[in-house]
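Work through the exercises below with the model open. Try each task before you read its solution.

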Amino acid sequence: LFRSELSERYRERFKVIMVDEFQDTDKLQVAVIAALAQPGFANVCTVGDAQQSIYRFRGAKPEIMLGFEKDFPGTKRVLLGTNYRSTKEIVETSLKLIGHNKVRFEKKLEPFRGSGRPVDFRVFDNPGHEMDTVAQSIRAYHDAGYMWNEIAVLFRTGANSGLMAERLMGYNIPFQLRDVIPNLYSHWIA
């Protein structure tokens, strides 16, 4: 991949290679890491979760992470077993879902936060129906005594944030968009 003198120069410059979100690497990126790390691989540290890979569409191969110990002999795997973000119900539900994956690391996770509300899983026919349901739920939480600033809607991508804003306006629910992308709803006219 690299001429040996180029690899050597970068090996001298970078003594430690740290790769975060390793589950989203592709074969070329791993080849670059291997070229920089040789010989010995003692200076490579990766962090990731093969179950959380979201970039397969651009060439990421979570399977690479599963073969890391074979590809980088002498490395050691450290599994973190405490989930600090989610409640017991969310952790248990996610482990049941992940358990259906055929090729994976075995996981045992304990929630730090204890119990919470049950997981509510729904499938919607279209985004409009989904956004109406979310807006109705927000209204119900507010009617039950929650303050508006205690309620948030999180999106993995901002694709439906405009539709959500329309629905919130339709339900007369005050909101703020935390979008970095300029949109119609942040304009003074809206």
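Buried means under 20% relative accessible area, exposed over 50%, and partly exposed in between (1.4 Å probe, protein chains only). The model is predicted: local features need pLDDT of at least 70, side-chain atom pairs count only at pLDDT 80 or more, and totals for chains, interfaces and linings use all residues. Residues are numbered from 1 along each chain as its sequence is written, and side-chain values use heavy atoms, with hydrogens and water left out.

**Exercise 1.** Classify the exposure of Y141 and Y146, then classify their ring pair.

Step 1. Y141 has 31% relative accessibility, so Y141 counts as partly exposed.
Step 2. Y146 is at 41%, so Y146 is partly exposed.
Step 3. Recall the ring rule: rings of Phe, Tyr and Trp (its six-membered ring) pair if their centres lie within 6.5 Å; planes under 30 degrees apart are stacked, over 60 edge-to-face, the rest tilted.
Step 4. The ring centres of Y141 and Y146 are 5.4 Å apart and the planes stand at 90 degrees, so this pair is edge-to-face.

**Exercise 2.** Classify the exposure of Y84 and F112.

Step 1. Y84 has 55% relative accessibility, so Y84 is exposed.
Step 2. F112 has 59%, so F112 is exposed.

**Exercise 3.** Find the contacts of I33.

Step 1. Contact means heavy atoms within 4.5 Å.
Step 2. Leave aside neighbours within four places in sequence.
Step 3. I33 then touches I17, V19, F22, V44 and F72.
Step 4. Look at F22 and F72 again: with F68, they form one aromatic cluster.
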